[in-house]
Amino acid sequence: KKKELIKECKASCIELEKIDGVIEISLFKATLIPPGMGQYAKENSEKIHLAKFDFVILIEAESEQISEVIKSNEIYKYMLEKITEIASHTSILSASNIRRIDNVNHKKQGVFLFNYFAANNTQQNLEVWEYTAGWFEKETGLNNSTLLIPSDKEATTYSIINHCRWDKYLDILPSIIFKRNFKRYVLDNFYANNVGAQPILYKLA
């Protein structure tokens with residue numbers, strides 16, 4: 001069912017990309033949930049829906065107006081209907097790019113991260129992201145990232161969502177598993193600032 005759903009979604013997205021103002025549509029399948037779920041998220045699991053999204057569709061548009069055009073499109077509505085028939089949980093949200101290191105390349109396969117953050121204070125979350133992003137640039141060679149902030153905070157429990165890409169697993173996994181300063185510099189900072197990080201690694205579907 002999942003394979004067939006992804007196939008149908010790909011066909012729908014090809015049509016949706018023809019809408020004026022749509023920049024790019026990318027589809028992702030989860031490959032690994034790495035260590036890193038913050039203690040804050042665990043302690044607040046009753047009010048935070050823990051991210052276990054094994055399929056993501058990222059639609060990039062030029063403006064909020066184009067986003068509304070997409071949402072009113074019959075192909076988009078049909079695609080959502082097919083997804084909700086199969087999925088045990090879905091999260092549909094609009095977001096804007098509030099911070100970036102550089103654009104994420106979706107034209108070639110790689111290791112893609114969506115990190116679903118949860119925090120009571122979004123500004124504090126942004127500051128922690130800026131502080132810890134330097135660790136990933138230095139330790140993993142990260143040279144791209146787009147930080148998304150939901151437009152409607154009432155529609156989601158996630159404060160921000162970080163999206164980035166590495167070429168291969170060897171670029172990221174050894175650093176977060178074996179480097180001792182990952183916990184001290186990244187995870188401990190999340191916990192100290194009441195920020196829950198829920199990272200999932202994907203590949204292009």
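The second largest cavity in this predicted model has a volume of about 120 Å³. A search of the whole structure finds 2 cavities of 30 Å³ or more. Its lining is made up of 13 residues, and those nearest the centre of the second largest cavity are Asn-115, Trp-129, Thr-132, Phe-136 and Asn-162. Strand E4, helix H5 and strand E6 each give two or more residues to this lining, with H5 providing the largest share, 4 residues. By residue class, the lining of the second largest cavity holds 9 nonpolar, 4 polar and no charged residues.

The largest nonpolar core has 25 residues. Phe-117, Phe-136, Ile-160, Trp-166, Ile-172, Ile-176 and Phe-190 have the most contacts inside this core. The elements in the table each supply at least two residues of the core.

| Element | Residues |
|---|---|
| Strand E5 | 145-150 |
| Helix H6 | 173-178 |
| Helix H7 | 181-192 |

E4, H5, E6 and E7 likewise each supply at least two. H5 gives the most to this core, with 6 residues. In soluble globular proteins, nonpolar side chains tend to be buried together.

Phe-190 touches Phe-117, Val-128, Thr-132, Val-195 and Ala-197, leaving aside residues up to four places away in sequence.

Ile-200 lies in strand E7, which spans residues 195-204. Ile-200 counts as buried because its relative accessibility is 1%, and buried means under 20%. Between Ile-200 and Phe-114 the C-alpha to C-alpha distance is 5.6 Å, although the two are 86 residues apart in sequence.

Key. Residues numbered from 1 in each chain as written. Predicted model: local features only at pLDDT ≥ 70, side-chain atom pairs only at ≥ 80, totals over all residues. Heavy atoms only, no water. 1 Å grid on protein atoms, 1.4 Å probe; cavity = no way out; pocket = protein on both sides within 12 Å on 5 of 7 lines; lining within 4 Å. Points joined across faces, edges and corners; volume = space filled by probe spheres on them. Nonpolar A, V, L, I, M, F, W, Y, C, P; charged D, E, K, R; others polar. Buried < 20%, exposed > 50% of the residue type's maximum accessible area, 1.4 Å probe, protein only. Core = buried A, V, L, I, M, F, W, Y, C linked by side-chain atoms within 4.5 Å. Contact = heavy atoms within 4.5 Å.
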